[in-house]
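Open the model in your viewer and keep the selection tool ready.

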Amino acid sequence: MKATETSLLQFFRKSPQFVIPIYQRTYSWHRDECLQLWRDILRAGRDDAVKAHFVGSVVYVEQGLSQVSNQSPLLVIDGQQRLTTVSLLLEALARHLGSDEPVPGFSARKVRNYFLLNPEEDGDKAFKLLLTQTDKDSLTALVQQQNLPADHSVRIKQNFEFFSEQVKGLGDDLAPLCQGLSKLVIVDVSLNRDQDNPQLIFESMNSTGRELSQADLIRNYVLMGLEPKHQEELYKRHWRPMELGFGQEGYGAHFDSFMRHYLTLKTGEIPKIRSVYDAFKAYARRNDAITDDVDSLVADVHAYAGYYCAMALKRETDKELGEAFADLRDLRVDVAYPLLLELYHDYATELLSRDDFLKALRLIESYVFRRAICAIPTNSLNKTFATFGRSLKKDRYLESLQAAFLSLPSYRRFPNDDEFMREFTTRDMYNLPRRSYWLRRLENHGRKERVFVDEYTVEHIMPQNANLPADWRQELGPDWERVHATKLHNVGNLTLTGYNSEYSDRPFTEKRDMPGGFRESPLRLNQGLGMVERWDEAAIDARANRLAELATAVWTPPALEDEILAAYSPRNGTTAPHYSLDDHPNLAADRPMRALFDTLRPQLLALDPNITEEILKLYIAYKAETNVVDIVPQAGRLRLSLNMPFPELWDPKGMARDITNLGRWGNGDVEVGLSHEDDIPYVLGLVRQSLERQIGNGSEPAA
């Protein structure tokens with residue numbers, strides 16, 4: 001490696017051409033980065049005391065392998081964003097310069113011929129900077145003063161227009177801009193292809209500018225080390241179609257999330273969004289994919305990316321499947337994508353029929369929505385969907401999916417009809433997130449001609465006005481204040497209308513009978529309102545119950561015969577031995593640890609409603625999904641085993657010890673000794689970390 005400090009413009013002038021390899025990300029600077037660069041340049045240009053302004057490094061490999069030639073293109077490893085941005089600024093400046101030079105060397109002809117073009121060359125060699133794909137055509141069109149192509153680069157166009165406006169705003173006072181540009185300094189880093197590792201250098205870069213996404217790092221990791229021909233073949237066959245599938249803006253916004261779901265599906269572990277690249281490298285190395293079969297790996301990523309785009313980015317062509325995906329997007333069930341990707345793959349490869357795929361999608365939707373209505377915390381959904389595929393028997397696909405849902409433990413449960421209807425009829429449905437979703441689903445159930453509920457507004461039949469008119473107070477009866485307070489946002493009091501302003505706070509009978517009133521409404525949600533004579537608590541409850549019945553048909557639960565469900569039981573009819581506290585001599589009534597245990601026990605169970613206790617022969621287990629903490633009663637202490645990796649525990653008092661691979665009764669790598677009641681609150685805090693790691697696992701809200 002050879003690094004030297006140099007003027008950016010002199011670097012442009014002396015170098016014949018910069019080529020951005022196909023594995024590099026596309027141009028991605030936004031207005032904010034351009035504005036900062038603009039301000040820095042003008043500040044340097046207007047202040048004689050500023051001799052130079054450093055803008056980062058440009059790292060490149062000479063394409064000439066053994067004979068360095070002045071005509072060798074430079075393959076840019078790092079610095080594309082700055083080179084492209086300065087090129088856009090130079091072109092904008094050239095269009096405002098004439099033959100006069102506000103600063104020596106800065107006329108329109110010289111700016112183009114020194115920094116943007118190679119005037120004696122033809123074809124691609126005529127350009128100082130060659131970008132990739134869409135970016136290439138857009139930049140070359142600009143520096144030739146031609147119209148942008150129809151499928152132009154959004155960032156190239158927007159940032160060029162930004163700089164054009166800024167230069168125009170300077171009027172004839174272009175000297176500070178020219179002087180500032182001449183003060184730009186970079187570190188020129190030249191790599192030796194045979195001695196330096198471009199990938200390691202690329203990863204270690206912490207340069208100024210826009211941070212590399214996980215997608216950028218993954219693409220470079222896969223393609224950078226390949227022979228150029230293989231590199232180009234893979235890029236054109238798989239990576240470029242993926243980028244086009246996501247779209248210019250969608251690729252940057254969605255690819256990292258897709259890759260996180262892909263890796264979750266493939267490994268069963270949920271990587272943090274900022275660690276997707278590291279997780280991908282570990283996955284590829286574990287499967288020897290990069291060294292043995294990179295083509296298959298990239299083809300697999302390409303296939304799953306297509307599934308993701310169909311589901312998450314509205315690319316699905318099947319109408320019913322597209323509607324199901326739209327409903328899942330409205331629920332924002334990103335946590336379900338690992339399972340959805342597996343289902344889509346099996347559908348695409350004809351392992352799962354189209355009809356069963358659709359039923360599976362609706363089951364997932366019902367599961368998430370019912371849990372939201374029943375206010376079951378969402379922090380377990382991430383892990384639920386990460387490992388759900390392990391429960392599937394693909395020769396009995398839909399049946400095993402239903403059995404898996406029905407077998408989930410309490411805090412992951414699929415709410416049954418009784419629980420769902422009870423909560424649906426009593427909770428505040430008006431302030432539920434994504435209100436239009438459930439209204440649309442109720443209205444369109446069974447319809448072939450779908451109603452677009454966004455064209456309507458939500459109507460409170462009993463008005464929201466806290467100062468209810470006298471007619472409404474009489475309608476509701478002597479207990480009107482309680483009814484108004486408790487039933488206002490109840491599902492029975494909510495509907496859709498296009499006449500919200502006309503209805504206002506009118507009495508119910510006027511809303512019912514006026515032109516466009518409830519009697520004339522074409523909406524199914526308003527069916528039956530024309531027959532109601534009095535709108536009071538009983539009428540609200542009756543309608544709520546009717547809509548709850550409808551809701552159970554819209555968001556259906558899984559249904560299997562008991563004997564079929566029993567066949568999926570992991571215990572297969574065996575009965576585990578039964579133990580009690582009497583089997584633990586150190587918890588006898590006269591032993592000192594019994595009082596401590598009796599104090600700790602109810603507080604452990606109170607940590608979460610899903611914690612259960614199981615007394616085993618050698619220890620007492622407290623479980624959620626699996627063991628959270630196990631207690632081994634000893635003569636002078638309670639030895640607790642926390643089921644979590646020791647490095648993840650926050651233990652400022654240092655009460656815990658690492659027992660990884662030491663072999664102890666209980667589960668987990670953390671041991672905590674408890675001898676005194678005063679330490680119980682602190683120990684509960686340690687146990688809570690194990691619980692949250694198990695049922696939370698970095699989950700995202702779903703509904």
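**Stop one: a pocket**

Select α11 (248–267). α11 gives the most to the lining of the second largest pocket, with 7 residues. Helices here are DSSP runs of H or I, at least four residues, numbered from the N terminus. The model is predicted, so local features need pLDDT of at least 70 and side-chain atom pairs pLDDT 80 or more, while totals for chains, interfaces and linings use all residues. Residues are numbered from 1 along each chain as its sequence is written, and side-chain values use heavy atoms, without hydrogens and water.

A pocket is an open set of points on a 1 Å grid over the protein atoms alone, where a 1.4 Å probe fits, with protein on both sides within 12 Å along at least five of seven lines; lining residues have an atom within 4 Å of a point. The volume of this second largest pocket is about 750 Å³, counted as the space filled by probe spheres set on the points.

Which residues lie nearest its centre? Show Ser 28, Gln 248, Tyr 251, Gly 252 and Ala 253, out of 33 in the lining. By class, the lining has 13 charged, 13 polar and 7 nonpolar residues. Nonpolar covers Ala, Val, Leu, Ile, Met, Phe, Trp, Tyr, Cys and Pro; charged is Asp, Glu, Lys and Arg; the others, Gly among them, are polar.

**Stop two: α14 and α16**

Select 294–312 (α14) and 337–348 (α16): their axes, lines fitted to C-alpha atoms over the stretch in contact, come within 9 Å and cross at roughly 110°. The pair is therefore roughly perpendicular (65 to 115 degrees). Contact means heavy atoms within 4.5 Å. Residues making the contact include Tyr 304 and Tyr 307 of α14, and Leu 340 and Tyr 344 of α16. The contact residues divide into 11 nonpolar, 1 polar and no charged.

**Stop three: α3 and α7**

Move to 80–94 (α3) and 175–182 (α7), packed at about 150° with axes 12 Å apart. These two are therefore roughly antiparallel (over 145 degrees). Show Leu 89, Leu 90 and Leu 93 of α3 against Leu 177, Cys 178 and Leu 181 of α7.

Technical notes. Axes fitted to C-alpha atoms, helices over the stretch in contact; angles between N-to-C directions. Parallel < 35°, antiparallel > 145°, perpendicular 65-115°, else oblique.
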